[in-house]
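Here is a friendly walk through one protein model.

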Amino acid sequence: MATLVVEQLVAWLFVFWGLAGLAFANSFRVIFDWRIVTLFFAAVLIIGLSFVFFPDRGAAFITGFIVIAFLLDGALSITFGLRLRNQISSWRWIIASGASAVILGAVILVQWPTTSTWVLGFLIGLNFLSTGISMLLMSRSAGKLAR
């Protein structure tokens, strides 16, 4: 259910973004390639509407972007960690973080598009959980400072 809610939120944001861009397309006429800008906003609107009417495909598409983001983040983190190995002592943690991103991206990719039914909801839930825990821990620390 959470995946569907996230996907629909993204879908409607794309619809409104596309509509707003097309509404202001006339003001883009001062730009040399204003037609490209107009086509971009039309594409955003079409993508948003397709997500609204075909939520399963929208979730699969968004999950595909998440996989790409994890794989790129992992590769860049590993490269960054290797570059820092002579400069900081905790460079291995950066590589471990990058490796976990690559592994997570690969796990989602191997089972894609089946994973698109649960990945978005799971990641949003995990984000809410980690944010809640960090807020609780921060408030406990702030309470100790106030005493």
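Helix 4 covers residues 91-110, 20 residues in all, and reaches 29 Å from its first C-alpha to its last. That is close to the 28 Å expected at 1.5 Å a residue, where the expected span is 1.5 Å times one less than the number of residues. Helices here are DSSP runs of H or I with at least four residues, strands are runs of E with at least two, and both are numbered from the N terminus.

Which residues of helix 4 are buried? They are W91, I94, I95, G98, A101, G105 and I108. Buried means under 20% relative accessible area, exposed means over 50%, and partly exposed lies in between, with a 1.4 Å probe and protein chains only. Seen down the axis of helix 4, the buried residues fall within an arc of 155°, so they line one face of the helix; the arc is that of the directions from the helix axis to the C-beta atoms. The face turned away from the buried side of helix 4 carries the exposed residues R92, W93, I103 and V110. As background, an α-helix has 3.6 residues a turn, so residues three or four places apart point the same way.

## About the model

This is a predicted model, in which local features need pLDDT of at least 70 and side-chain atom pairs count only at pLDDT 80 or more, while totals for chains, interfaces and linings use all residues. Residues are numbered from 1 along each chain as its sequence is written, and side-chain values use heavy atoms, with hydrogens and water left out.

## The overall picture

The protein has five helices and zero strands, and from the N terminus on its elements run α-α-α-α-α. The radius of gyration of the protein is 21 Å, well over the 15 Å that the globule rule gives for 147 residues, so the protein is more spread out than a compact globule. That radius is taken over C-alpha atoms, and the globule rule is 2.2 Å times the number of residues to the power 0.38. Along its principal axes, the C-alpha trace spans about 55 × 40 × 40 Å.

Of the 147 residues of the protein, 28% count as buried. The accessible surface comes to about 10300 Å², and 75% of it belongs to carbon and sulfur atoms; accessible areas come from the Shrake-Rupley method with a 1.4 Å probe, and for residues only the protein chains shown count as cover. Among the contacts with a separation of 6 or more, 70% are accounted for by residues 24 or more positions apart. Contact means heavy atoms within 4.5 Å.

## The largest nonpolar core

Which residues touch the most other members of the largest nonpolar core? Of its 14 residues, they are I62, I66 and L120. The elements that give two or more residues to this core are helix 1 (2-23), helix 2 (34-53), helix 3 (55-83) and helix 5 (119-146). Helix 3 gives the most, with four residues. A nonpolar core is a set of buried Ala, Val, Leu, Ile, Met, Phe, Trp, Tyr and Cys residues joined through side-chain atoms within 4.5 Å.

L120 lies in helix 5 and is buried, with a relative accessible area of 5%. Leaving aside neighbours within four places in sequence, L120 is in contact with T3, V6, E7, A59, I62, T63 and I66. L120 and E7 are 113 residues apart in sequence, yet 7.8 Å apart in space, C-alpha to C-alpha. With residues up to four places away in sequence not counted, I62 touches E7, V10, F51 and L120.

T38 has a relative accessible area of 19%. Setting aside neighbours within four places in sequence, T38 is in contact with L22 and A25. S77, in helix 3, is buried with a relative accessible area of 14%. With neighbours within four places in sequence again left aside, S77 is in contact with I94 and G98. Both I94 and G98 are among the buried residues of helix 4.
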